[in-house]
Amino acid sequence: MSDTEGWMRLAIDEAEHARDAGDVPVGAVVVAADGSVIGRGRNEREALDDPTAHAEVVALRDAGRRSGSWHLEGATLVVTLEPCTMCAGALVLARVDRLVYGAIDPKAGAVGSLWDVVRDRRLNHRPEVIGGVLETECGDLLRSWFAGRRPDGASESPRTR
């Protein structure tokens, strides 16, 4: 197993904690340049009644606290679902060097699906992007969660938050 897949498995663990707490199962970790995990996050919108408590934002805040800086140069954000516009903007502003995500989000994704915030040349920072890491596993987690909430049990493509 590659380091990237190992980090994604940690993000999946966070997503499972979000699911178990009644929130959309999205999880994230921030990995420092030396390979150590410096931030963890999961969707906590329901628990905190906070519309900004997406997994990525929670993980970036944790990484900033732990590292003592909001500048996260050299870091990698690993998340189970393609970030939305808010989260894509946050990782650009935090100066994250690399984004790794699992499932695409065709309805709200901002890293190539619907928008492409992180590659916008007008911004002062553009992280490297690696998508599709453990995509099926990440997508299945979301599909099963949403299917369990629909009256007909139908599952559609991963819908974010």
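Biologist: In which sense do β1 and β2 pair?

Modeller: This is a predicted model, in which local features need pLDDT of at least 70 and side-chain atom pairs count only at pLDDT 80 or more, while totals for chains, interfaces and linings use all residues. Residues are numbered from 1 along each chain as its sequence is written, and side-chain values use heavy atoms, with hydrogens and water left out. Strands are DSSP runs of E with at least two residues, and helices runs of H or I with at least four, numbered from the N terminus; two strands pair if DSSP finds at least two bridges between them. β1 and β2 have five bridges, and the sense of their pairing is antiparallel.

Biologist: Which residue in the turn of the β1 and β2 hairpin has a positive phi?

Modeller: Within the pairing, G27 stands opposite R42 in β2. Five residues lie between the two strands of the hairpin, and the one in the turn with a positive phi, of about 90 degrees, is G35.

Biologist: How far apart are the end C-alpha atoms of helix α3?

Modeller: The expected span is 1.5 Å times one less than the number of residues. Helix α3 has 13 residues (residues 55-67) and should therefore span 18 Å, which agrees with the distance between its end C-alpha atoms, 18 Å.
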